[in-house]
Amino acid sequence: GDVTVGEINAGTANAALLASGSVLDLAVDTSAVDVTAAKLLVTAGAAIGASSNHLETAVGTLSAKTTTGSIFLTESDDLTLDTISLSVSRVAANGATATAGTATQQDVDSGANLVLVTLNGSITTTLATGEITAAQDILLSAGETAEGTTADVVLNAALSSAGGNITVLSKDAVSLAHATADITTAGGTVDLQADLGVAMVDSAVITSGSGANWGHVRVQALGG
């Protein structure tokens with residue numbers, strides 16, 4: 001089934017949303033943020049959020065995976081992609097409690113499109129445990145609501161699509177900061193744009209296809 005979220009506030013603790021169907025934002029709600037937590041783990045058989053109604057979060061760390069559907073998520077500020085683990089205590093009919101519902105997950109993996117946006121902060125992927133993959137198109141966008149905010153996209157792990165287009169946008173800088181932080185698509189286009197600059201370390205590679213199937217690559221530093 002689906003999990004439809006109104007508002008969840010876990011404060012400085014962690015949260016997990018697990019659905020065999022989709023994890024969705026309530027169609028009409030009064031909350032600007034759906035989930036507040038230190039870390040958020042989301043797993044869905046179908047979609048996470050929708051193109052017209054993103055799952056809105058205020059979390060520090062994220063891992064999200066879908067089997068067949070897309071991921072549409074908007075974060076309030078800085079976001080790190082990394083491993084998340086949590087467990088809860090389940091109360092039995094006799095009043096006793098025992099650990100239940102243990103969950104561990106890493107990376108962000110979409111079965112279709114992936115749209116990950118920050119309103120006022122950076123997106124950072126963690127080496128080996130913060131990889132991003134999608135079957136179709138990918139958008140990473142680090143935004144800012146005021147000058148002075150750092151709104152970088154810092155890739156320390158691979159970013160790849162099975163054949164869709166990849167767009168990375170930053171109001172500050174885009175950095176391929178590790179040798180394994182490759183950007184790869186099997187024939188789609190790659191578009192990187194940063195207001196301040198784009199930097200790649202040695203051995204980090206942008207690849208837009210193979211064989212007879214290649215997409216265009218555009219890398220732009222606006223210098224604003």
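This is a predicted model: local features need pLDDT of at least 70, side-chain atom pairs count only at pLDDT 80 or more; totals for chains, interfaces and linings use all residues.
Trainee: Where in the chain does Ala146 lie?

Mentor: Ala146 belongs to the loop between strand E15 (138-142) and strand E16 (153-155). Ala146 also gives an example of distance in sequence and in space: Asn213 is 67 residues from Ala146 in sequence and 41 Å from Ala146 in space, C-alpha to C-alpha.

Trainee: How many helices and strands does the protein have?

Mentor: The protein has 0 helices and 26 strands.

Trainee: Which share of the residues is buried, and which share of the contacts joins residues 24 or more positions apart?

Mentor: Buried residues are 43% of the 224 residues. Among contacts with a separation of 6 or more, 53% are between residues 24 or more positions apart. As for the surface, the accessible area is about 9800 Å², and carbon and sulfur atoms hold 52% of that.

Trainee: How many positive and negative side chains are there?

Mentor: There are 5 positive and 22 negative side chains. The centres of these two sets lie 5 Å apart.

Trainee: What does a buried residue look like, taking Ser170 as the case?

Mentor: Begin with the strand, then the accessibility, then the partners. Ser170 sits in strand E18 (residues 166-170). Ser170 counts as buried because its relative accessibility is 3%. The side chain of Ser170 reaches the backbone nitrogen of Ala173 at 3.1 Å. Leaving out residues up to four places away in sequence, Ser170 touches several others, including Ala142, Val153 and Ala194.

Trainee: Where is Ala194, and which residues does Ala194 contact?

Mentor: Ala194 is in strand E21 (residues 190-194). With 0% relative accessibility, Ala194 counts as buried. Beyond its neighbours within four places in sequence, Ala194 is in contact with residues that include Ser170, Val174 and Leu222. Ile183 is 11 residues from Ala194 in sequence and 16 Å away in space, C-alpha to C-alpha.

Trainee: What is the phi of Ala128?

Mentor: Most residues other than glycine have a negative phi. Ala128 is not a glycine, yet its phi is positive, at about 75 degrees. Ala128 lies in the loop between strand E13 (123-125) and strand E14 (132-134). The relative accessible area of Ala128 is 48%, so Ala128 is partly exposed.

Trainee: And what is the phi of Ser203?

Mentor: Ser203 has a positive phi near 85 degrees, in a residue other than glycine. Ser203 is in the loop between strand E22 (197-200) and strand E23 (206-207). At 46% relative accessibility, Ser203 counts as partly exposed.

Methods: Residues are numbered from 1 along each chain as its sequence is written. Side-chain values use heavy atoms; hydrogens and water are left out. Helices (H or I, at least four residues) and strands (E, at least two) are DSSP runs, numbered from the N terminus. Buried means under 20% relative accessible area, exposed over 50%, partly exposed in between (1.4 Å probe, protein chains only). Contact means heavy atoms within 4.5 Å. Accessible areas come from the Shrake-Rupley method with a 1.4 Å probe; for residues, only the protein chains shown count as cover. Lys and Arg count as positive and Asp and Glu as negative; His and the chain ends are not counted. The place of a charge is taken as NZ of Lys, CZ of Arg, CG of Asp or CD of Glu. A polar contact is a pair of N or O atoms within 3.5 Å; within protein, one must be able to donate a hydrogen and the other to accept it, and residues adjacent in sequence count only if both atoms are side-chain atoms.
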